[in-house]
Amino acid sequence: MRERWDSRSAFILATIGSAIGLGNVWRFPYICFKYGGGAFLIPYFVALFTAGIPLMILEFSLGHKMRAGAPTAFRAAGKRKEWLGWFALLVALSIAIYYAVIMGWCFNYFFYSFNLSWGNSTESFFYNKFLNISESPFEIGTIKPTIMLGLLVCWVAIVGCIWRGPKTVSKVIYITVLLPWVILLIFVIRGLTLPGALQGLTYYLTPNFSALRDFEVWRNAYAQVFFSLSVGFGILIAYSSYLPERSDIVTNAFIISLANCGTSFLAGLAVFSTLGYYSFVQGIPVPDVVKSGPSLAFIVYPTIINLLPFASKIFGALFFLMLITLGIDSAFSLVEAGIAGITDKWGITKRWKINISFAIVAFLIGLFYTTRSGLYWIDIVDHFMSSFGLMIIALTECILLGYMFKLSTLRAHCNLFSEIKIGKWWDIFIKFIIPPILFIMIVCEIIQRIRAPYEGYPRGAEAWGWILLIIFFVTSLILMRTKGKNSLNNNQ
Ligand code: PHE
């Protein structure tokens, strides 16, 4: 019998845990600020309702109906569709590999915060001392032992969390989802009670409605929704395959996506109020202190922690503990999706063997990112996987299931036990609305990449993004052709 979640709330929390990750803290607030402040919430919610939630329901219903991880689920929908499942899992794996490295940085910084070892020049500490970053992506350099250790700890933690699949995940998510929420609330309160907080929030939320006329704003809203909901990686398919038969898929999708957005918004309050304080103390205008990505977490935040009026070490440790607990369930969801794919195809029952082999391979590949050029490569691979990889998967998913499969069977399936019933409008979204949106986004991205390399990296480095995508595509075709052991496979 297929493994199961302990309860409905375990499934909901596990999926929320996957959706809520570093992106909610270091990406959403920045994008919101940059693309219209409070007005950005309009394209964001439009993107959520027109694309995010319909796609989430699509993946849930596929995984639930076929009771299998992505490759086998797609195969059940049509023999030639299996490759898409593998492609999604390879993209997920490549993300898991660098995500674990970033988590490894967080482990290091967690310990640094005990005596604020980053000192006063946090920027130089991060780039020169901690990463010892090289001049260019091609100057690879040696492995950094401290980062390697962090990476190792992270993989041990990931394997522990998914040891017995949904059984173990059902337990750990009560810590990995609830704890970061509690810490986030502490940071919201801490942030809002600091001088200058209001100034920061004004920048975050003052609506600039004229931004809505800008195409870029809409494009970013859709991109953020896709990345944030963890659609397109096979995760939602694997997770919903562990649900009992009588499950309310549609309501679950609404709860999960709204909880994710709420968390993003809250994270924005915590981040911007604290940035307001930073700007107040340092006398630098707020827009000049706003950063996203690693520099927000590893440069700006450590500086702010130094400046806090009291208990700065405790807040420092809490901040990195929050990032670790936020990230870990996203990281293991990526891994779990892969493992579900493998066990379903080859009917493997000794899960622990796969867990450990998977982690060892991912750890070894991840060592590459612990070298002096690691940050550059993380940046490049992240861009290609989260913009291209994800968009391509979501688009293909809509086409394969919308046009080359009877979509209405999936709709009927999720309506069976759902309180909120979805109507024909859902088919229209999957078939006619989401594909052109994704198509336009992919084309825009290609045009941008032709015009200039991503972030000014050498063309030779950027090329690896394309090469990886091609390798993944070919590998997924090969995997599709290899024989599986699972009865579901042989019956097809
Ligand atoms: N959704 C997560 C975030 O916002 C990131 C993530 C991407 C998680 C892909 C799983 C898979 O950070």
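Helices here are DSSP runs of H or I with at least four residues, strands are E runs of at least two, and both are numbered from the N terminus. By that count, the chain has 23 helices and zero strands. Its radius of gyration, taken over C-alpha atoms, is 22 Å, close to the 23 Å that the globule rule (2.2 Å times the number of residues to the power 0.38) gives for 492 residues, so the chain is as compact as a globular protein of that length.

Before we go inside, a word on the model: it is predicted, with local features needing pLDDT of at least 70 and side-chain atom pairs pLDDT 80 or more, while totals for chains, interfaces and linings use all residues. Residues are numbered from 1 along each chain as its sequence is written, and side-chain values use heavy atoms, leaving out hydrogens and water.

Which polar contacts, pairs of N or O atoms within 3.5 Å, does the ligand make? One of its nitrogen atoms lies 2.9 Å from a backbone N or O atom of Ala19. A ligand oxygen atom is 3.2 Å from a side-chain N or O atom of Asn24, and a ligand nitrogen atom is 3.5 Å from one in the side chain of Ser230.

Methods
Polar contact = N/O pair within 3.5 Å; in protein donor to acceptor, adjacent residues only side chain to side chain.
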